[in-house]
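Biologist: I am new to this structure and would be grateful for a close look at a single part of it. Please take the site of the ligand and describe it step by step.

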Amino acid sequence: MNDTAVTTTVDRPFESVARETARLLPPGFELGVAMASYQIEGAVADDGRGTSIWDTFSHTPGKVARDETGDVACDHYHRYREDVALMAELGVDAYRLSVAWPRIQPDGRGPVNGAGADFYSRLVDELLDAGITPLVTLYHWDLPQALEDAGGWRKRDTAHRFVDYALAVQDRIGDRVRRWITLNEPYCSSVLGYGTGRHAPGVRDAGAALAAAHHLLLGHGLAVRAMRERDAEASYGITLNLEPVSALRDRPEDQEAARRSLTLSNLVFTDPVLAGTYPQDARRIWSAVSDFSFLQDGDLDTTAAELDFLGVNYYFPARVRAVPHREPDPALRLVDDLGAAALVLPDDEVTEMGWPVDPDGLRRLLGWLHETYPALPPVYITENGRACLDVVEDGAVHDEARIRYVDSHLRAVAQAVESGVDVRGYFQWTLLDNFEWAEGYARRFGLVHVDYDKLARLPKDSFSWYQALLAARRP
Ligand code: FCB
């Protein structure tokens, strides 16, 4: 791989930059936006919705910044028509949404709650009427609390519960939804949810995190098989958040640290899904915290169930150096206590999340996937975007940094395609400012500003830029 930097400037009027970027993308390349149920819907008690782990977590003092919750969020549940109209105005080809499991099965098992399922049915109809293709994620982190009370993703049974739920959703909207994503970022559900405790359900147990990661992937594979058996014509995929990982320096200890980091952020997920193997390094790194008995015969055939596409979420790279473990006793280490630190370098531009900006990292990541996994299916970038310190001035938000971010990452995708990686589309994260998990509402990623008091939507400059890009691609 060469190290060609991807640069973009928006010094020129941004419509002309948009036109130029549009020309770099291959014909038929799909452009959209992504959002997720708990982050936007609100209406947490409407129409029989059950409690999810994120309701419990956000209502536990000290877990989310300023103790904010998704109780109201963007009130998308009641305002979805307005939001679909915004997407239509924007001109997107597709919208990646997620279904809240506790709206479909309030306790995570048993009969379907028709009123909850109807919401997604109405939403899908609204999208199709607007000429927007829905791409549906089944699990974007809102596990029914009742399943967590029974052990959550630590337990193998949850994988089977997920299959029942997936089939129930397919049954209700599968006549109109043709593309499915089983899981969003199982890394976050397992490592942040059960390992570091940063996310719901807030458990800090390295062995539980590894078991959860496996049970999530098992649920994914079982669901893909079961759904495909009922509908062989639809497409099925999974979304992984991945990082291009490199050692900061050419020292053996940094190389080793980078290897450990790669194992946790990528290989624990990519190997089972794309190669049907489990990384040997994982057994070595976490030998003191797990006996890996969660891996049963035949499981890796299941996790590697045939995929029509891979969803990739990319935000930042990991440049790694070796550091001492925080906990000297290996048996007591958290899952991410790897003796490795991913650094922000002095020259980095950094987002409001503290994440370094590196568009070329996306090109390198796609190259890595292409080289490492011969069976790599077509790829969609299912999330990419940045948080900015947006301010409303005279009824406008001039978020040039967001335009530069999305533009430069799209150009990096175009370069990856040019060098032979089969990337079919890109979903910007996200249409509306929303509930950014443990960070609450202060981190704004939207193309549309949301005033959380009035719930008013205000398109930012980046909205106009994306609109210009989308328009430039039409014949
Ligand atoms: C990803 C999540 C998404 C959003 C972005 C910023 O990890 O999938 O819900 O919060 O980060």
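Which residues are around the ligand?

Modeller: Please bear in mind throughout that this is a predicted model. In it, the residues around the ligand are Q39, H140, W141, N184, E185, Y315, E383, W429, E436, W437 and F445. As for the site itself, the ligand sits in the largest pocket.

An N or O atom in the side chain of E185 is 2.5 Å from an oxygen atom of the ligand. For E436, the corresponding distance between a side-chain N or O atom and a ligand oxygen is 2.7 Å. In the case of E383, a side-chain N or O atom is 3.0 Å from an oxygen atom of the ligand. Besides these contacts, the cover over the ligand can be stated: on its own the ligand has 300 Å² of accessible area, and the protein covers 95% of that area.

N184 belongs to strand β4, which comprises residues 179-184. N184 counts as buried because its relative accessibility is 1%, and the cut-off for buried is under 20%. The side chain of N184 also makes a polar contact, at 3.0 Å, with the side chain of H140.

Key: Residues numbered from 1 in each chain as written. Predicted model: local features only at pLDDT ≥ 70, side-chain atom pairs only at ≥ 80, totals over all residues. Heavy atoms only, no water. Near = heavy atom within 4 Å. Polar contact = N/O pair within 3.5 Å; in protein donor to acceptor, adjacent residues only side chain to side chain. Areas by Shrake-Rupley, 256 points an atom, 1.4 Å probe, with all protein chains shown as cover. 1 Å grid on protein atoms, 1.4 Å probe; cavity = no way out; pocket = protein on both sides within 12 Å on 5 of 7 lines; lining within 4 Å. Sits in = over half its atoms within 2 Å of the grid points. Helix = DSSP H or I, 4+ residues; strand = E, 2+ residues; numbered from the N terminus. Buried < 20%, exposed > 50% of the residue type's maximum accessible area, 1.4 Å probe, protein only.
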